[in-house]
Amino acid sequence: MSKALLAALASAGEDRPDALTVAGRPCSREELLGAAGAVAARIAGAPVVAVRAEATLETVVAVVGGLLAGVPVVPLPPDSGPAERDHILRDSGATLLLTGPGGADDAAGPGEGTGGPGGQGVEVVPVDAAERADWAKPEPDEAATALVLYTSGTTGAPKGALISRRAVAAGLDGLADAWAWTPDDTLAHGLPLFHVHGLVLGVLGALRVGSRLVHTGRPRPQAYAAAGGTLYFGVPTVWNRVAGDPAAARALRGARLLVSGSAPLPTPVFRGLAELTGHQVVERYGMTETLITVATRADGERRPGHVGVPLPGVRTRIVAEPGAEIGELEVTGPTLFDGYLNRPEATAASYAADGWFRTGDIAAIEPDGTHRIVGRASTDMIKSGGYRIGAGEVENALLDHPAVREAAVVGAPHEDLGQEIVAYVVADGVGEAELIDFVAGHLSAHKRPRKVRFLEALPRNAMGKPQKRLLPPA
Ligand code: MLC
Ligand code: AMP
């Protein structure tokens, strides 16, 4: 059994006033423990707690408070519109919504307050990072749920992936091993705090290892340059922007390791960064349901397009047609999720008969054991700026607009975002900007189409099914 998830928070080495800095606000580990203890005391016994996950110190305090109290934490994207927010609150059964300063007004949307979404009450609880309380209770069993992370499938609304404390601990210990990540490191990044990358690796990783953390608020190149990290995390869009800002890139020369993940890192970005920073970026691969399963090791060979080898305890295999070298990647090991909340059928469908998880990614394993991610099995799963977005969710949001009769959404190749969301609609009397804003307002800003194309009709086959491959170029 590994050590308790947050054990290092109280015990790891010497504390310092800026053990973590989030968007410019420093905090020691002792202060974090005290503030999180106050949160834990307030929420103890709740079935599940939602956290309005802005990139703030309060979000870190709230998440750690939930983990201390053993209350499963549901991070809520801070810009989610009513459709997405109400779905996540209702589906997760959250009764409390923790927010930072200024969040209470925003958070008290139409679905919240006394009536609550679906008739259930959701109480908005402000988090004060200056509060202090001792929380002496032991951490819950490692099998308990730590996080419920909402993630998109190809169709329908996002599903809540149940992530245990054991999975988080195993995943983080595996990465610490792969990257020789120690308390001497300073982790720097500016990723959102409601996904695996920014929250699990980017916050809980630093807390578990005991390294310093500098969260830059937003992942802007100049902010990375000023962060003074030894270890940097970014999605490929962030690294593309760093490579496009030579002065910022050169400021990373003194770092120990630059890491990319969440989407494929384009070879020109890998090469550009190598030239400017002197570092070959380390790639790693994972997903919400599995956490990070495969990583290039700090002492391993770094090749563009290669994401490394399985973490300790993780096993991988390719399920391919006879004679083919590429096929669907399946994984098993201690970092796997415990299923989708309230979705036994979707959970069952995500596993092969022998219990391995079907990632939906097409990959190859080289003779030396390194993995190459080739693409997704379904074109309805879009990756834009490192965010995973289901085409069906965006199509449903568009169809909620009274002027839209039909909608088909695709991910079109995009130099900076990897893919950009393009919507094809059949609609009367509505313009592109209005539909983009409509989706941004209903779901969240990153799920908005960047382009909308108007058609007389969607291409369909004889059965009436839309044929996305017959859509005109964006
Ligand atoms: C523009 N904006 C709008 C808008 N048009 N907002 C609402 N409606 C509209 N019509 C605003 C936004 O609110 C935002 O404001 C600003 O425009 C820019 O937002 P954006 O366009 O979304 O930013 P962009 O530049 O495209 O973002 C790039 C990015 C972002 C890299 C910063 O994509 C990002 O943070 N990606 C990280 C995703 C991630 O962490 N994925 C990990 C998943 S876990 P403002 O004021 O906020 O700037 C995973 C597992 C693994 O995959 O392997 O890691
Ligand atoms: P998410 O559920 O948001 O965590 O997204 C997971 C998906 O991101 C995976 O299924 C992959 O398609 C993609 N992904 C993550 N890391 C990489 C990577 N290094 N290279 C290519 N794709 C990646």
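I'll start with one pair of residues: Lys447 and Glu84 form a salt bridge, and their closest N and O atoms are 3.1 Å apart. Bear in mind that this is a predicted model.

Helix H4, residues 82-92, gives the most to the side of domain 1 that touches domain 3, with 3 residues. How many salt bridges does the rule find across the interface of domain 1 and domain 3? The count is 1. For polar contacts between these two domains, the count is 10 residue pairs, with both residues at pLDDT 80 or more.

Now the domains themselves. The assignment divides the protein into domain 1, at 7-164, domain 2, at 174-331 plus 368-376, and domain 3, at 381-470. Between domain 1 and domain 3, the C-alpha centres are 31 Å apart. On the domain 1 side, 13 residues are in contact with 16 residues of domain 3.

The size of an interface is often given as the accessible area lost when the parts come together. Here domain 1 and domain 3 bury about 1,000 Å² between them, and 43% of that is on carbon and sulfur atoms.

Last item, helix H2. This helix covers residues 29-43, which is 15 residues. From first C-alpha to last, H2 reaches 21 Å, close to the 21 Å expected at 1.5 Å a residue. Which residues of H2 are buried? They are Arg29, Leu32, Gly34, Ala35, Ala36, Gly37, Ala38, Val39, Ala40 and Ile43. After H2 comes Gly45, with a positive phi near 95°.

Conventions: Residues are numbered from 1 along each chain as its sequence is written. Chains are lettered from A and ligands numbered from 1 in the order in which they are written. This is a predicted model: local features need pLDDT of at least 70, side-chain atom pairs count only at pLDDT 80 or more; totals for chains, interfaces and linings use all residues. Side-chain values use heavy atoms; hydrogens and water are left out. Helices (H or I, at least four residues) and strands (E, at least two) are DSSP runs, numbered from the N terminus. The expected span of a helix is 1.5 Å times one less than its number of residues. Buried means under 20% relative accessible area, exposed over 50%, partly exposed in between (1.4 Å probe, protein chains only). Domain bounds come from an automatic or database domain assignment. Contact means heavy atoms within 4.5 Å. Buried area is the accessible area (1.4 Å probe) that two parts lose on being put together, summed over both. A salt bridge is a side-chain nitrogen of Lys or Arg within 4 Å of a carboxyl oxygen of Asp or Glu. A polar contact is a pair of N or O atoms within 3.5 Å; within protein, one must be able to donate a hydrogen and the other to accept it, and residues adjacent in sequence count only if both atoms are side-chain atoms.
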